[in-house]
Amino acid sequence: PQGMEPDAEFMQKLTDRQRQAMEQIEQRGKGKQQLQSEAYYFLSFSIPDEPIKRMISQASHYKIPATVRGLIENNMEKTTAKMFELVKDNNQGGVAIDPEPFKRFHIDAVPALVVQCGQKFDVVYGDISLNGLLREVKEGGDCSDVARRILRGADKDE
């Protein structure tokens, strides 16, 4: 039925962004390093839709990449369709597909937030708000200054 089909242009943009991300991963494997983020929000497509929608939206608000380890069933089209379903309501945010930060920070459970500063990093786990996770780092982490800056930056945007 009309109106029920996903927006083809939006789906194409999502597919193009995911292909670019996969190309960046391949280039990194060839020794070409990309810039790293100060924070990562690690998620999984196995998280139920409503919670992961909220998490992706929060990550977008704080300008922290929502990151998953890989494709759904190793299939770009299925992954893109799922991402469309997750972001179509508010048309903001997205998900980066990158297994490397999972390895670098030894992430084996999600949701997880990593905040890094220099060679140090803090990891906090839990299904609480991203604001709450950032406050945990701000209040007792090695990278509290970075968490404080991220929180202040989001407050300015409101």
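Visitor: So, is E100 buried, exposed or partly exposed?

Guide: E100 is partly exposed, with a relative accessible area of 23%. On this scale, buried means under 20% relative accessible area, exposed is over 50%, and partly exposed is in between, using a 1.4 Å probe and protein chains only. Before going on: this is a predicted model, where local features need pLDDT of at least 70 and side-chain atom pairs count only at pLDDT 80 or more, while totals for chains, interfaces and linings use all residues. Residues are numbered from 1 along each chain as its sequence is written, and side-chain values use heavy atoms, with hydrogens and water left out.

Visitor: OK, what does E100 form with R104?

Guide: A salt bridge, with the closest N and O atoms 2.6 Å apart. The term here means a side-chain nitrogen of Lys or Arg within 4 Å of a carboxyl oxygen of Asp or Glu. Both residues sit in helix α4 (residues 99-104), four residues apart, about one turn of the helix. R104 is partly exposed too, at 23% relative accessibility.

Visitor: And what counts as a helix?

Guide: Helices are DSSP runs of H or I with at least four residues, numbered from the N terminus.

Visitor: How many salt bridges does the count come to?

Guide: Eight, by that rule. One of them joins R148 to D145, with 3.0 Å between the closest N and O atoms. That pair lies in helix α6 (residues 144-157), three residues apart, about one turn. D145 is exposed at 53%, whereas R148 is partly exposed at 30%.

Visitor: Which residue does K78 pair with?

Guide: E73, through a salt bridge whose closest N and O atoms are 2.3 Å apart. E73 is exposed, at 60% relative accessible area, and K78 is partly exposed at 41%.

Visitor: Switching topic: how far does α3 reach?

Guide: Helix α3 (residues 76-87) has twelve residues and spans 16 Å from first C-alpha to last, close to the expected 16 Å. The expected span is 1.5 Å times one less than the number of residues.

Visitor: Which residues of α3 are buried?

Guide: M76, T79, T80, M83, F84, L86 and V87. They cover an arc of only 165° around the axis, so they are on the same side of α3. That arc is taken from the directions from the helix axis to the C-beta atoms.

Visitor: What caps the N-terminal end of α3?

Guide: N75 does: one of its side-chain oxygens lies 2.9 Å from the backbone nitrogen of E77.

Note on methods:
Helices (H or I, at least four residues) and strands (E, at least two) are DSSP runs, numbered from the N terminus. A polar contact is a pair of N or O atoms within 3.5 Å; within protein, one must be able to donate a hydrogen and the other to accept it, and residues adjacent in sequence count only if both atoms are side-chain atoms.
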